[in-house]
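Me: Hi, I have a model open and would like to talk it through with you. Can we go over a few spots together?

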Amino acid sequence: MAVTINKVSSDTELKELAVLADSIWHECFVDIISTGQIDYMVEKFQSYEAMTKQISEQDYSYYAVREDGELCGYIGVKLEKDERFFLSKLYLRSDKRGKGIASKMLEKVFEEGRAFGKKQVYLTVNKHNDHAIAVYKKTGFKVIDEVVTDIGNGYVMDDYIFGYDL
Ligand SMILES: CC(C)(COP(=O)(O)OP(=O)(O)OC[C@H]1O[C@@H](n2cnc3c(N)ncnc32)[C@H](O)[C@@H]1OP(=O)(O)O)[C@@H](O)C(=O)NCCC(=O)NCCS
């Protein structure tokens, strides 16, 4: 099983990634937030149009995770102006979890952060996302803060902020 993790560089691949994001978000957040909020967040943050804007205007990059060539996950990162690297998205299709791919994805994030000369990777995670929290803690991330973010339409994100020193 060959896993590859490569920066998305074509519109075609970004469109493919948006389709995957829609499906993973509707599967993994169903017990944590309402379907209305999932629909809203996918449109606002993970649609092809939203990601195109993040890449062109906000220093975001997306990475496609493939197993034997098949797209099964993705990573989104953002270069901050300071010494931090924001891990914005880490998503893997459910049938590919628990196989060591997540650790490869996180290692790729650390590699990229170091290559950009960054000193810390940080991320936000929903306080009820127990599995992701366990994965981040096992990898060595530490809780550094918590934040409630108003994302509009009456929705909020209730998150921990985790940090990992590179
Ligand atoms: C988060 C996500 C990418 C992690 O991928 P995964 O395949 O489920 O992760 P794994 O089960 O391989 O766990 C990764 C590592 O954490 C360890 N781990 C997992 N659960 C653990 C637990 N409860 N306690 C201790 N370690 C744990 C695993 O052993 C593994 O380490 P290893 O590779 O050294 O064996 C995946 O679950 C996902 O896409 N979830 C839905 C989307 C999501 O919530 N994304 C995060 C949003 S912030």
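Me: Which backbone atom does the side chain of Asn-126 reach, and at what distance?
Reply: In this predicted model, the Asn-126 side chain reaches the backbone nitrogen of His-128 at 2.8 Å.

Me: Thanks! Where does Asn-126 lie?
Reply: Asn-126 lies in strand E5, which covers residues 120-126.

Me: Is Asn-126 buried or exposed?
Reply: Asn-126 counts as buried because its relative accessibility is 15%, and the cut-off for buried is under 20%.

Me: And what is Asn-126 in contact with, leaving aside its neighbours within four places in sequence?
Reply: With those neighbours left out, Asn-126 is in contact with Ile-32, Ile-33, Ile-133, Asp-158 and Asp-159.

Me: Let's zoom out to the strand. How many residues of E5 are buried?
Reply: Six of the seven residues in E5 are buried, so the strand is mostly covered.

Me: Which way do E4 and E5 run, and how many bridges join them?
Reply: Strand E4 (residues 84-92) and E5 run parallel, and three bridges join them.

Me: What do E4, helix H4 and E5 make?
Reply: They make a right-handed β-α-β unit, with helix H4 spanning residues 101-115.

Me: What about E5 and E7, in which sense do they pair?
Reply: E5 pairs with strand E7 (residues 155-165) in the antiparallel sense, over seven bridges. Within that pairing, Tyr-122 stands opposite Gly-163 in E7.

Me: How many bridges are there between E6 and E7?
Reply: Strand E6 (residues 142-152) and E7 pair over nine bridges, in the antiparallel sense. There, Glu-146 stands opposite Tyr-160 in E7.

Me: How many residues sit between the strands in the hairpin of E6 and E7?
Reply: Two residues are between the strands, and in this hairpin Asn-153 takes a positive phi near 60°.

Me: Why does Asp-59 count as partly exposed?
Reply: Asp-59 is partly exposed because its relative accessible area is 40%, and that class takes in values between 20% and 50%.

Me: What phi does Asp-68 have?
Reply: Asp-68 has a positive phi of about 50°, although it is not a glycine. Asp-68 belongs to the loop between E2 and strand E3 (70-79).

Me: New topic, the ligand. How many residues surround it, and which are the closest?
Reply: The ligand is surrounded by 18 residues, and the closest are Leu-92, Ser-103, Asn-129, His-131 and Lys-138.

Me: How much of the ligand does the protein bury?
Reply: The protein buries 71% of the 940 Å² that the ligand exposes when taken alone.

Me: Back to Asn-129, where is it found?
Reply: Asn-129 is found in the loop between E5 and helix H5 (130-139). Asn-129 is buried because its relative accessible area is 18%, with the limit at under 20%. Apart from neighbours within four places in sequence, Asn-129 is in contact with Phe-29 and Ile-32.

Me: One more: what does the side chain of Ser-61 make a polar contact with?
Reply: The Ser-61 side chain makes a polar contact with the side chain of Lys-7 (3.5 Å). Ser-61 has its place in strand E2.

Terms used: Residues are numbered from 1 along each chain as its sequence is written. This is a predicted model: local features need pLDDT of at least 70, side-chain atom pairs count only at pLDDT 80 or more; totals for chains, interfaces and linings use all residues. Side-chain values use heavy atoms; hydrogens and water are left out. Buried means under 20% relative accessible area, exposed over 50%, partly exposed in between (1.4 Å probe, protein chains only). Helices (H or I, at least four residues) and strands (E, at least two) are DSSP runs, numbered from the N terminus. A polar contact is a pair of N or O atoms within 3.5 Å; within protein, one must be able to donate a hydrogen and the other to accept it, and residues adjacent in sequence count only if both atoms are side-chain atoms. Contact means heavy atoms within 4.5 Å. Two strands pair if DSSP finds at least two bridges between them. A crossover is right-handed if, with the strands pointing away from the viewer, the path from the first strand over the helix to the second runs clockwise. A residue is near a molecule or strand if one of its heavy atoms lies within 4 Å of it. Accessible areas come from the Shrake-Rupley method with a 1.4 Å probe; for residues, only the protein chains shown count as cover.
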